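Please prepare a briefing on how the strands pair within and between the chains of this model.

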Amino acid sequence: MDRRKFLKASAGAVAGAMLASQLTSALAQSALEGEDIANLEKGLQQVLGKGFKDLTVSQQVKLVAPTIAESGANVPVEIEASLPADQVKAIHCFSDKNANPLLFTVVLNGVLPYYATRVRVAETAPVRAIVETKDGKFLMASQSVRVTVGGCG
Amino acid sequence: MPINILVRFTPAKPKAGEEVRVQIVAQHPMEPGTRRDASGKVIPADHITELNVLMDNQLIAQVKPGPGTSANPLFAFKMKASKAGQIKVTCKDLTGQTGEKTADLTLA
């Protein structure tokens, strides 16, 4: 194979691979603004001992957060799971770009699978609600929150 | 100074079997440890690390907020009001301060 042919072929292969990887990541997560999986992964491993790949995106988890938050210091978040109360073990919440990605963990024992609070979001990033079920599944809902003024600086 | 906690039920007097929303507010600055004061010094972290909600001395929920929880945080739960009882909320922060509050849940 001469050099020219080789270059053409390899360029095609690289472009194809890039396209494929873009497609799969887009399928896994319809691009959220400001996501930072590397930082999130760190927090997930620390808290849950699981990686981002172990989470299942689920319609059963409902996350209510504003799309645009004026102040990152006070972002209301509401999480509700449409699961029987005795199946939900805990609710975790993460934000991708916070220095400490874990926002809070709630262990539920006898209350309905619902939790509302206000969190700090450092900069524009997705907020992720993760519901841990009794049988060890992690169900996730994400929403990007655009922050005008950061909440941790 | 102990941490001041407020507890409110919505509706205030639920019917038996009705869903009741329990709103808890702790008055606390929740310093995340990343902010700087006017002279550029880092304000040390001081946030609530644990908040327990007990119903008749039985733990029904435990929150572990990280530094990413707002000042004067709100913690809201929903529960089935099956019987009247006493809700007790206890919390502690990084500096070792604690707070405690009891509220009676009465049925209509």
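In β5 of chain B, Ala76(B) is the bridge partner of Ala116(A). The strand β7 (residues 114-119) of chain A is joined to β5(B) by two bridges, and the two run antiparallel. The model is predicted: local features need pLDDT of at least 70, side-chain atom pairs count only at pLDDT 80 or more, and totals for chains, interfaces and linings use all residues. Residues are numbered from 1 along each chain as its sequence is written, while chains are lettered from A and ligands numbered from 1 in the order in which they are written.

**Strand pairing**
- Strands are DSSP runs (E, at least two residues), numbered from the N terminus, and two of them pair if DSSP finds at least two bridges between them.
- Within chain B, strand β2 (residues 19-27) runs antiparallel to β5(B), with seven bridges joining them.
- Opposite Leu74(B) in β5(B) stands Val25(B).
- Between the chains, strand β6 (residues 102-108) of chain A is antiparallel to β4(B) and joined to it by five bridges.
- Ala61(B) in β4(B) has Leu108(A) opposite.

**Faces of β5(B)**
- The covered face of β5(B) consists of Phe75(B), Phe77(B) and Met79(B).
- Its uncovered face holds Leu74(B), Ala76(B), Lys78(B) and Lys80(B).

**Contact between the chains**
- In chain B, 24 residues are in contact with 26 residues of chain A (C-beta atoms, placed from the backbone, within 7 Å).
- On the side of chain B that touches chain A, β4 (58-65) and β5 (74-80) of chain B each supply at least two residues.
- That side of chain B comprises 13 nonpolar, six polar and five charged residues; Ala, Val, Leu, Ile, Met, Phe, Trp, Tyr, Cys and Pro count as nonpolar, Asp, Glu, Lys and Arg as charged, and the others, Gly among them, as polar.

Technical notes
Contact = placed C-beta atoms within 7 Å. Helix = DSSP H or I, 4+ residues; strand = E, 2+ residues; numbered from the N terminus. Buried ≥ 20, exposed ≤ 12 C-beta atoms within 10 Å, placed from the backbone.
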